[in-house]
Amino acid sequence: MTPFSRATILASSVLFVFTCSLSACGAPPAGNVENGQKWYKMNNCNACHGEKGNDGRGPNIAAIDMSFGSFVKKLRKKDAPIMPPYPESKISEQDAADIYAFLKSGK
Ligand code: HEC
């Protein structure tokens, strides 16, 4: 008999998956590319970063390689010199995931 029964291992892995789904666990929520493109335009990201993220006056953010966590932190940041902050009330976590997926997609 091993020190941990199968039931214990099963129960703790279920708990782990459950906890992770609540607290993101570093992985971005699944994003929708088409919606992301809409939110990107609705929030005027294109005014500075261009239609595709790489054709504006702002820095190139197409095919972004920062983590989703850093991306959300950047959106919420209040004291950037040019880029306005986007609080949760403007861009939810899910909308941010959609925009992130859109930028990643290279479309
Ligand atoms: C008024 C112009 C403006 C708007 C609108 C704007 N940005 Fe920015 N953005 C900037 C500038 C300038 C920087 C670089 C300086 C800084 O980090 O604030 C930047 C930086 C960033 C970065 C970090 C890039 C890097 O490599 O570090 C990301 C990601 C980003 N913007 C995404 C967005 C998204 C998504 C939106 C729309 C929700 C948006 N921006 C709207 C001007 C803008």
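Trainee: At roughly what angle do the axes of α2 and α5 cross?

Mentor: In this predicted model, the axes of α2 and α5 come within 7 Å of each other. Two packed helices are described by the angle between their axes and the distance between the axes. Angles of 65 to 115 degrees count as roughly perpendicular, and α2 and α5 are therefore placed in that class. The angle at which the axes of α2 and α5 cross is roughly 105°.

Trainee: How many nonpolar residues does the contact of α2 with α5 have?

Mentor: On the side of α2, the residues that meet α5 are V33, N35, G36, Q37, W39 and Y40, while α5 brings D95, D98, I99, A101, F102 and S105 to the contact. Sorted by class, this contact of α2 with α5 includes four polar and two charged residues. The number of nonpolar residues in the contact is six.

Trainee: Is the crossing of α4 and α5 left-handed or right-handed?

Mentor: The axes of α4 and α5 come within 10 Å and cross at roughly 115°. F68, F71, V72 and L75 of α4 make the contact together with E93, A96, A97 and Y100 of α5, and by class this contact of α4 with α5 has seven nonpolar, no polar and one charged residues. As for its hand, the crossing of α4 and α5 is right-handed.

Trainee: How many helices does the secondary structure of the protein chain come to?

Mentor: From the N terminus on, the elements of the protein chain run α-α-α-α-α. The secondary structure has zero strands, and the number of helices is five.

Trainee: Does G53 count as buried or exposed?

Mentor: G53 lies in the loop between α3 and α4, and, leaving aside residues up to four places away in sequence, G53 touches N60, I61, A62 and L103. A residue is buried if 20 or more other C-beta atoms lie within 10 Å of its own. Because G53 has 24 C-beta neighbours inside 10 Å, G53 counts as buried.

Trainee: How far apart in space are S67 and Y100, C-alpha to C-alpha?

Mentor: S67 is found in the loop between α3 (45-49) and α4, and with 13 C-beta neighbours inside 10 Å it counts as partly exposed. In sequence, S67 and Y100 are 33 residues apart. In space, C-alpha to C-alpha, the separation of S67 and Y100 is 9.4 Å.

Trainee: What is the phi of N44, about?

Mentor: N44 lies in the loop between α2 and α3, and because N44 has 10 C-beta neighbours inside 10 Å, N44 counts as exposed. Most residues other than glycine have a negative phi. N44 is not a glycine, although its phi is positive, at about 65°.

Trainee: Where does A63 lie?

Mentor: A63 is a residue other than glycine with a positive phi, near 50°. With 12 C-beta neighbours inside 10 Å, A63 counts as exposed. The place where A63 lies is the loop between α3 and α4.

Definitions and conventions:
Residues numbered from 1 in each chain as written. Predicted model: local features only at pLDDT ≥ 70, side-chain atom pairs only at ≥ 80, totals over all residues. Axes fitted to C-alpha atoms, helices over the stretch in contact; angles between N-to-C directions. Helix = DSSP H or I, 4+ residues; strand = E, 2+ residues; numbered from the N terminus. Parallel < 35°, antiparallel > 145°, perpendicular 65-115°, else oblique. Contact = placed C-beta atoms within 7 Å. Nonpolar A, V, L, I, M, F, W, Y, C, P; charged D, E, K, R; others polar. Left-handed = near helix turned anticlockwise from the far one by under 90°.
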